[in-house]
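User: Please walk me through the interface and the sheets here. Keep it brisk.

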2 protein chains.
Amino acid sequence: MDKQQLIDCQNRIKPFIHNTPILTSRLLDDMVGGSVFFKCENFQRMGAFKMRGAANAIMQLSEAQKQNGVVTHSSGNFAQALSLAAQSLGVKAYIVMPSSAPQVKKNAVKGYGGKVIECEPTLEARERESKHIVDSYGATFIHPSNDDAVILGQGTACMELLESYPDLDFVVTPVGGGGLIAGTALAAHYFGNSCATIGGEPSEVDDAYRSLISGKIETNKTTQTIADGLKTQLGDRNFPIIQQHVQKIIRVTEAEIVAAMRLLWERLKIVCEPSSAVAFAAVLKEKNQFVGKKTGIIISGGNVDLDHLPFGRS
Amino acid sequence: MDKQQLIDCQNRIKPFIHNTPILTSRLLDDMVGGSVFFKCENFQRMGAFKMRGAANAIMQLSEAQKQNGVVTHSSGNFAQALSLAAQSLGVKAYIVMPSSAPQVKKNAVKGYGGKVIECEPTLEARERESKHIVDSYGATFIHPSNDDAVILGQGTACMELLESYPDLDFVVTPVGGGGLIAGTALAAHYFGNSCATIGGEPSEVDDAYRSLISGKIETNKTTQTIADGLKTQLGDRNFPIIQQHVQKIIRVTEAEIVAAMRLLWERLKIVCEPSSAVAFAAVLKEKNQFVGKKTGIIISGGNVDLDHLPFGRS
């Protein structure tokens, strides 16, 4: 994927996304010992960066494909993103969700016009159900993270960050399925002025960290992390980009994630997901690398359940 | 106070404050049935609009006065605001706080360079202690809300709102000591294009509502509200402005405040104080007035204790 593809993508999706605010905090700068710029994708439409990739993926389809709709399997932000992007573009979206998914997530998808298809909560069942919809309706399957158009779309958040702060030394993102960090790494490579991309990943689901060491896509045996957006694994489209363009991945503990999340809520005054806090936790953990530097952090989303926080009622 | 004084104030304090973002939400617009623009003073320096008035009040002093420092009595946002504004301007700040104030609030004042003077938790004690500091050090007393320079400073948030959205029909603020709503009403009067100012006030501390009816400054016998920034009463400087320029005050229940706060956290993805939610609760309560209109809401601040929320852990 080249520079022009990113520029075309940014122009294409501009009418359907927000250029989100970038926030700073002197106190958080002091904690890091450098300048930190938080790109607040929690303020993105439907509350996460996923809107960018979903919009780009649908807009890249032919008119005939759009007529037959799109399908994905997700119980997270991509389910809502594909639904809202499809609704905005007049396209039908089928969302395969495990029957065990919380009703509030199913309702969110329906609220954005997506058609929820329930299946058993296994990888096999959701892939079978997705294939069934592709076969039955001619719908186009769009993967939440392992799709070139999705990767390009996710990269536009970093492009906006670099438009405001062209001389960032680092950009740091959380690592889940790999779409965000791959798109970010491409954008930093093409539009940064020597800007290195670094990932933050929960130690409990450190498949990407291990993948970079082994040179092949690793998986997680268990996924016990509060960062529920980061339980997924890399794919064959984004892994080579990550291998080529990501400097390193920093692993953080659950306690470090919660502490970073609390700092973001208290000091930046934003509601963000635990997954978003992973990137900031990584910067705090290895802050020697960021002292005296300019670091951008992608705050990936803000869709949290206010009845299930790691703080709140005393 | 005239238009030119507001313009001069805005230019004066500009280097010391943030022009805070204005957020919108389609879902919240749909709930109201009109367009709502949230001026996010929770992103202001030290986390509240109070920074504006504090900076203006100190900058209006003579050099001789600045040499002797400033004093106020507050256990809330104005204590932090005066401390940070004084620190930014190289002036000493004495902050009289009740000994019963939470340690976290005393630490916040100290963190901004303010000198904390503890006193008994009564109105008499804090006024006596403030007078003592004025007499001993020649410091200038600055009231948190009943001071012309403070009122002008608080009005600059509405000026910024109207610069972005010149044709607002309404601007709505919470009502506590009256500084914010008085400054806002002046700004809406001089810079709005037929923009009416409306206040939101907790029913539990509805002194301003009753004051507008009786024509004299009323007080509260009890102050049992979650909106802890709104327990104070109006003063002789701001009340006449409120009488002349505020269209009405809408009272809201505690449950309505918490529900509005939750909506702001969930949908705008911002951390804001219960006091800030009062203004939005007022719009939701009497939404017939706001249907089809353009309404600005001042989100007053974001300094909350994440261990004492009305939601969170299940």
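Analyst: First, a rule: two strands pair if DSSP finds at least two bridges between them. Helices (H or I, at least four residues) and strands (E, at least two) are DSSP runs, numbered from the N terminus. This is a predicted model, so local features need pLDDT of at least 70 and side-chain atom pairs count only at pLDDT 80 or more, while totals for chains, interfaces and linings use all residues. Residues are numbered from 1 along each chain as its sequence is written, chains are lettered from A and ligands numbered from 1 in the order in which they are written, and side-chain values use heavy atoms, with hydrogens and water left out.

User: In what order do the four strands of the open sheet in chain A lie?

Analyst: The pairing in this sheet is parallel. Its edge strands, E5 (115-119) and E6 (140-141) of chain A, each pair on one side only. The order is E5-E4-E3-E6 (chain A).

User: Which residue in E4(A) stands opposite Val71(A)?

Analyst: Strand E3 (residues 70-73) and strand E4 (residues 93-98) of chain A run parallel, joined by four bridges. The residue opposite Val71(A) is Tyr94(A).

User: What angle does helix H6 of chain A make with E4(A)?

Analyst: Axes are lines fitted to C-alpha atoms, for helices over the stretch in contact (heavy atoms within 4.5 Å). Angles run from 0 to 180 degrees between N-to-C directions. Helix H5 (residues 77-88) of chain A lies across E3 and E4 of chain A, at about 165° to E4(A). Helix H6 (residues 103-111) of chain A touches E4 and E5 of chain A, and its angle with E4(A) is about 180°.

User: Which strands of chain B does H12(B) touch?

Analyst: The open sheet in chain B has six strands in the order E1-E2-E10-E7-E8-E9, with mixed pairing. Its edge strands are E1 (22-23) and E9 (246-252) of chain B. H12(B) packs on this sheet, at about 100° to E9(B), and touches E1, E2 (35-40), E8, E9 and E10 (294-299) of chain B.

User: How much area do chain B and chain A bury between them?

Analyst: Buried area is the accessible area (1.4 Å probe) that two parts lose on being put together, summed over both. The contact takes 26 residues from chain B and 26 residues from chain A. Lys269(B), Leu306(B) and Arg313(B) supply 31% of the area that chain B buries against chain A, more than any other three residues. With 52% of it on carbon and sulfur atoms, the buried total is about 2400 Å².

User: Which residue of chain A meets Asp307(B) in a salt bridge?

Analyst: A salt bridge is a side-chain nitrogen of Lys or Arg within 4 Å of a carboxyl oxygen of Asp or Glu. Chain B and chain A share two salt bridges. At 3.1 Å, N to O, the partner of Asp307(B) is Arg262(A).

User: How many residues apart are Arg52(A) and Glu160(A)?

Analyst: Their side chains meet in a salt bridge at 2.9 Å, N to O. Arg52(A) is in helix H3 (residues 50-59) of chain A, and Glu160(A) is in helix H8 (residues 148-164) of chain A. The pair links distant parts of the chain, and the separation is 108 residues.
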